[in-house]
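Subject: Structure for you to look over

Hello,

Here is the structure I said I would pass on. My notes follow it; please read them with the coordinates open.

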Amino acid sequence: MSKRVGIVGAGVTPFKSAWREKTYYELAQMATREAVKDAGIPIQDVDAAFYGIYNDIFERTAIPEHAIHGLLGMQNKFGIRITTGGATGAYTISAAHAYLSAGRFKTALVLGVEKATDCFDFSSMSATPEVIKTIGWSGDSFFEQPIGWSAADSYAEVVLAYMDEHPGDLKPEITAQISSLLSQQVKNNEYAQRQFDQVSPEEVMNSRLVVYPFKELEICVYTEGAAALILAEEETAKAISKNNGTPVVWITGVGEANEHSFAGKNQKDMSRIMSDYYASHRAYEMAGIADPTQSIDIVELHDAFVHQLEISMAEFGLVPLGKADTLIEDGLMTPGGKYLVNPCGGLIYCGHAVGASNIMSAWSARNELIKRKLKTALVHGTGSTVAQYTACQVLEHE
Amino acid sequence: MSIQREKVIPAKYIPDVGSYVEKIDGKDYLITNDAMHTFYRRSKGELSPFFLGLRDEKKLFGCRCTKCGLVRVPPFLTHCPDCNFAPTELVEVEQVGVMNSTPPITYFATSLFQHMAPYGRGRVIFQGADTALSVNLYTTTGILVPGIIKKGTEVKLVFRDNRIGEMTDVFCVPTAELSKEQIEKKGLQESEINWESPVEPELPAASQEDTAMYNKALAEMKSIIEEMNTNERARKDIAGWKRDILVKTRGGEFAIIIDDGDIKLEEEAPSSPDFVMVCDDPNILLDGLAYRGAITDSVINKKLWISKNMEFNTIFKLDRMARSVARSKKA
């Protein structure tokens with residue numbers, strides 16, 4: 001029988017646009033130090049390490065985790081890296097959960113870290129075009145990279161196809177309001193890259209088009225930083241919790257799905273994010289959740305783009321497909337509404353340090369469940385071309 | 001429309017060997033120019049017939065499953081995963097198709113594609129195919145704007161004059177912009193199409209009112225640009241960037257000079273501008289600089305004309321500076 005697994009410690013570094021003061025070695029250790037301190041255990045008590053690092057080119061080395069394994073005190077122990085595009089962090093949590101649940105280890109470190117803005121474009125003398133080029137190497141190398149595939153244009157394909165089917169949904173004034181709302185929520189996250197960048201819906205509407213239909217203030221920002229969790233199987237988790245006085249937040253459901261990366265008959269339906277649908281519903285099933293609208297209190301959602309946040313909420317079954325704007329129109333995610341969505345500010349305002357992002361989301365969900373005395377949260381990561389990959393976890397606070 | 005072939009890595013992308021020190025909170029940090037480069041002689045393997053078809057025969061190939069009959073374009077399979085890996089066979093498909101969904105348009109491109117922006121990329125289901133091929137999309141009428149190509153729009157595959165056996169050998173344009181003969185012709189090439197070339201808009205003569213409006217807008221722009229020049233965040237946005245811009249409006253002409261972190265407005269036109277900006281109403285540019293709307297969007301909406309598409313880069317930087325000043329005020 002599989003074992004219950006819970007989060008007993010968590011820590012993050014500040015998320016910043018650039019960490020000139022640190023390499024990814026130090027960022028990885030900073031988050032790990034915070035997580036074991038939070039758990040109240042020495043690193044020697046951690047049995048295995050699961051690394052979420054997305055892109056070798058960002059770290060400027062293949063097998064980037066080998067250099068940090070010893071630096072984190074994990075010498076001679078199990079270590080494995082997960083890399084699944086934007087969903088890297090969430091998939092890393094899933095992987096660690098599987099090993100602990102199977103009884104291979106009693107405790108595990110889940111560490112996400114990413115440097116991004118060391119990349120620099122000397123032709124435009126700015127980092128961003130080179131950062132998005134680096135991500136652009138993730139597109140299909142035979143058919144799509146050569147014609148300008150990018151993460152933004154590939155997600156825009158999905159969003160526009162959704163809008164083809166649901167022309168009244170994802171209205172510009174609603175996406176602007178959601179971005180503005182997230183910018184208010186980030187004020188409480190002292191680790192966020194844009195803690196003090198509050199924007200009005202009008203500012204969002206006025207911001208420049210980057211990739212149609214996405215405007216600059218509707219897109220996540222590139223970030224450098226790290227996030228870490230300490231997971232433990234049930235008996236160990238309870239013992240750690242008794243010592244440190246912090247309740248265990250249990251991972252009661254996990255689910256993952258990867259779609260086809262090409263569109264057409266028998267392949268990807270561009271108007272859906274089926275990976276979000278399957279992953280979330282598999283996690284619900286494992287957690288015994290029959291009706292997510294009645295169970296989910298907090299959603300820490302990978303908001304690469306505001307429009308995708310809305311579609312993802314629909315694929316999770318929290319609003320009807322085609323009526324995602326009810327998130328704002330019916331007050332479902334406005335202050336005091338039914339769902340608390342991205343209290344950390346999401347990846348748009350806290351920042352997107354790719355491998356670390358979803359682990360930061362889990363850090364936030366766990367903290368919010370405890371702080372607000374709420375019961376259930378959904379954590380989500382999306383990635384790869386055309387929102388192809390998803391991993392989700394249901395977190396529960398007893 | 002033609003793509004200029006260069007080295008695999010164009011020289012402008014390659015920095016000199018070197019390093020510098022960045023000071024943060026009184027401490028020195030060493031920053032080094034660097035690259036991670038790998039060259040390839042990469043085989044197209046089983047995809048070779050498809051790419052040779054584009055390069056040499058101007059044909060579009062797919063693969064048909066011998067069991068279920070599904071035709072996949074591109075033909076990236078020799079065996080069908082839906083039929084327990086039954087073999088597939090190569091088939092030619094038509095060069096007219098429809099958009100599988102509305103395509104995105106990229107305005108802010110990666111460093112590799114800035115010369116191409118703005119560009120559309122979308123998926124086309126060609127006649128005879130069941131799956132969609134990812135292609136670049138253009139209009140013959142100038143800058144691609146939302147609404148020209150949508151889900152269901154019929155498009156024609158066009159071959160570049162110079163082809164190397166890559167997906168860049170082809171692109172699509174709406175059939176509505178072509179003649180019947182062009183639509184029916186297999187292997188239609190870019191040089192067989194009339195492309196509207198950008199022409200600098202002519203401005204009408206200014207009335208006294210226009211001149212007064214221009215003078216007012218000019219004074220405001222001057223003040224905003226002076227503020228930008230003293231804003232640390234905004235100055236960082238144009239670090240390493242140098243451009244002399246000639247701005248033409250109905251009321252008069254002036255220059256915006258960007259020089260590696262410095263920006264200034266000069267009332268005299270520059271002797272050899274890097275590019276020209278034309279906007280009938282000077283308030284369009286004023287609003288952008290004042291963060292009351294994006295200059296990028298004014299270019300897209302044809303309220304502001306620029307003489308070189310590549311200079312979208314400079315436009316982005318001006319938009320970024322406007323936001324930087326606004327952000328600094330909040331902080």
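In β7(A), A:Ala226 is the bridge partner of A:Val113. This is a predicted model, so please read the pairings below as computed from it.

A:Val113 lies in β4(A), on one side of the strand together with A:Thr107, A:Leu109 and A:Leu111, and these residues are buried. The pairing of β4(A) with β7(A), residues 225–233 of chain A, is antiparallel and runs over 8 bridges. β4(A) is also joined to β2(A), residues 48–52, by 5 bridges, and here the two strands run parallel.

Why can β4(A) be called largely enclosed by the rest of the structure? The strand covers residues 107–114 of chain A, and 8 of its 8 residues are buried, so the description follows from the count. In a regular strand, side chains alternate between the two faces of the sheet.

Next, the contact between the chains. Chain B contributes 56 residues to it and chain A contributes 46. On the side of chain B that touches chain A, at least two residues each come from β1 (19–24), β8 (105–106), β9 (119–126), β10 (133–137), α6 (295–300) and α7 (312–330) of chain B. β9(B) gives the largest share, with 5 residues. By residue class, that side of chain B has 27 nonpolar, 16 polar and 13 charged residues.

Strand pairing also crosses between the chains: β5(A), residues 209–212, pairs with β8(B) in the antiparallel sense over 2 bridges. The residue opposite A:Val211 is B:Thr106 in β8(B).

Last, the domains of chain B. Domain 1 spans 46–192 and domain 2 spans 208–330. Taken over C-alpha atoms, their centres are 39 Å apart. The contact between them takes 7 residues from domain 1 of chain B and 7 residues from domain 2 of chain B. Where domain 1 of chain B touches domain 2 of chain B, the residues on the domain 1 side are 5 nonpolar and 2 polar, with no charged residues.

Regards

Key
Residues numbered from 1 in each chain as written. Chains lettered and ligands numbered in written order. Predicted model: local features only at pLDDT ≥ 70, side-chain atom pairs only at ≥ 80, totals over all residues. Domains from an automatic or database assignment. Contact = placed C-beta atoms within 7 Å. Nonpolar A, V, L, I, M, F, W, Y, C, P; charged D, E, K, R; others polar. Helix = DSSP H or I, 4+ residues; strand = E, 2+ residues; numbered from the N terminus. Pairing = 2+ DSSP bridges. Buried ≥ 20, exposed ≤ 12 C-beta atoms within 10 Å, placed from the backbone.
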